[in-house]
Amino acid sequence: MNEQTARTDDVLIRVEGLKKYYPIKGGIFQKATGQVKAVDDVSFDIKRHEVLGIAGESGCGKSTTGRVMLRLQNPTAGRVLFDGVDLSQLSAEEMRLKRQEMQEIFQDPYASLNPWMKVGEIIEEPLFAFGVGSKQERRKRVHEMMEVCGLAEKYAERYPHEFSGGQRQRICIARALVLHPKFILADEPVSALDVSIRSQILNLFQDLKTEFGLTYMFISHDLSVMRYISDRVGIMYLGRMVEIADCETLFTNPLHPYTQALLSAVPVANPHVERNRQILQGDVPSPSHTPKGCAFASRCTKAMPVCFEERPTDRQCGNTCVACHLYK
């Protein structure tokens, strides 16, 4: 096996030139008058058994990227290779069967659970949908997964409203894992939880990754969470990936001016440490009227004339891939 083949085999998901545009319609006949570029030409790899964190401010396209990757929404352009298979080429039935290998944990555990179903039924539902095992075998797996996720077996007969936020998120995790998927998309799974519960859920994610050999894409706007759980971190801005690097490199030596500004805003629990806080001026450009050049140029203190005219391409600088004209 040569080096290139080894690298290819090590990648579980490859995203190539992914775009998701939403039409803007107006007038009597509701004709398309423009486009909202929610995801604009994003490319990256996710290796097997790693946690890739995707961070950025609200509205930058993190969640849309994840959902288009799983083909919960169809892409406008680009493709996603899952274990070497181009998901865009699969039929509806082939895609349905492929979903056994990929699951999503949603941000709001209150909204993602059916209030009329018991917890055991909620966790069993994916097994029933894919015809996995007999009724007794499904029940056994449900109880095993509840135990793994820190839920007592007796909870199977209760309803979601009887649980706290942390317990509901554990139910969501158990439901996602019951099919033994290869990949989990976790879309801000701890943002709605108290700090004490948040640490428990993050530790649970780490334990489950080790036990089941999982691969995660962890979406969050909380950089302290990213640093704790991620192996690599990607930073998005206005639908574009501006920087991606291994966790330690990105937090100790950020290259893109936007990443530097984000990290300067992270609070430090030490009153004697002085922070060089970088305050961003101006507003984020509209995704329906994206700039010609770099999307961040209008707010960047290091912007050059070329930044307003030419969109930067990805450049490899050591362990970091950065889209910025500062690095030739």
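Two strands pair if DSSP finds at least two bridges between them. Helices (H or I, at least four residues) and strands (E, at least two) are DSSP runs, numbered from the N terminus. This is a predicted model, in which local features need pLDDT of at least 70, side-chain atom pairs count only at pLDDT 80 or more, and totals for chains, interfaces and linings use all residues. Residues are numbered from 1 along each chain as its sequence is written, and side-chain values use heavy atoms, with hydrogens and water left out.

**View 1. Strands E4 and E5 meet in an antiparallel pair.** Strand E4 covers residues 77-82 and is joined to E5 by 2 bridges. Phenylalanine 82 has valine 85, in E5, as its bridge partner. Both strands belong to an open sheet of 4 strands, ordered E2-E1-E4-E5, with antiparallel pairing. E2 and strand E5 (85-86) are the edge strands, each pairing on one side only. Helix H2 (residues 62-69) lies across strand E1 (11-26), E2 and E4. H2 runs at about 115° to E1. Such angles run from 0 to 180 degrees between N-to-C directions, with axes as lines fitted to C-alpha atoms, for helices over the stretch in contact.

**View 2. Aspartate 40 sits in strand E2.** This strand spans residues 31-47. Aspartate 40 counts as buried because its relative accessibility is 4%. Buried means under 20% relative accessible area, exposed over 50%, partly exposed in between (1.4 Å probe, protein chains only). Not counting residues up to four places away in sequence, aspartate 40 touches Leu18, Lys19, Tyr21, Gly239, Arg240 and Arg311. Contact means heavy atoms within 4.5 Å.

**View 3. A second open sheet has 8 strands.** The order is E6-E7-E8-E3-E9-E10-E12-E11, and the pairing is mixed. At the edges are strand E6 (102-105) and strand E11 (314-317), each pairing on one side only. From one strand to the next, the twist averages 20°. Strand E3 (residues 51-55) and strand E8 (residues 215-219) pair in the parallel sense over 4 bridges. Valine 51 has tyrosine 216, in E8, as its bridge partner. H6 lies across E6 and strand E7 (183-187) and runs at about 175° to E6.

**View 4. Tyrosine 237 is found in strand E9.** Strand E9 covers residues 232-237. Tyrosine 237 counts as buried because its relative accessibility is 1%. Its contacts, leaving aside neighbours within four places in sequence, include Glu57, Cys60, Tyr258 and Arg299. Tyrosine 237 and glycine 61 are 176 residues apart in sequence, yet 7.7 Å apart in space, C-alpha to C-alpha.

**View 5. The largest nonpolar core holds 58 residues.** A nonpolar core is a set of buried Ala, Val, Leu, Ile, Met, Phe, Trp, Tyr and Cys residues joined through side-chain atoms within 4.5 Å. Ile173, Phe205 and Phe218 touch the most other members. Helix H6 (residues 165-177) gives the largest share of this core, 6 residues. Another core, of 28 residues, lies apart from it, with Leu18, Val39, Cys60 and Met236 among them. Leaving aside neighbours within four places in sequence, isoleucine 173 is in contact with Ile105, Cys149, Ile201, Leu204, Phe205 and Leu208.

**View 6. The protein has 11 helices and 12 strands.** Its C-alpha trace spans about 65 × 60 × 55 Å along its principal axes. Of its 328 residues, 47% count as buried. Among contacts between residues at least 6 apart in sequence, 64% join residues at least 24 apart.
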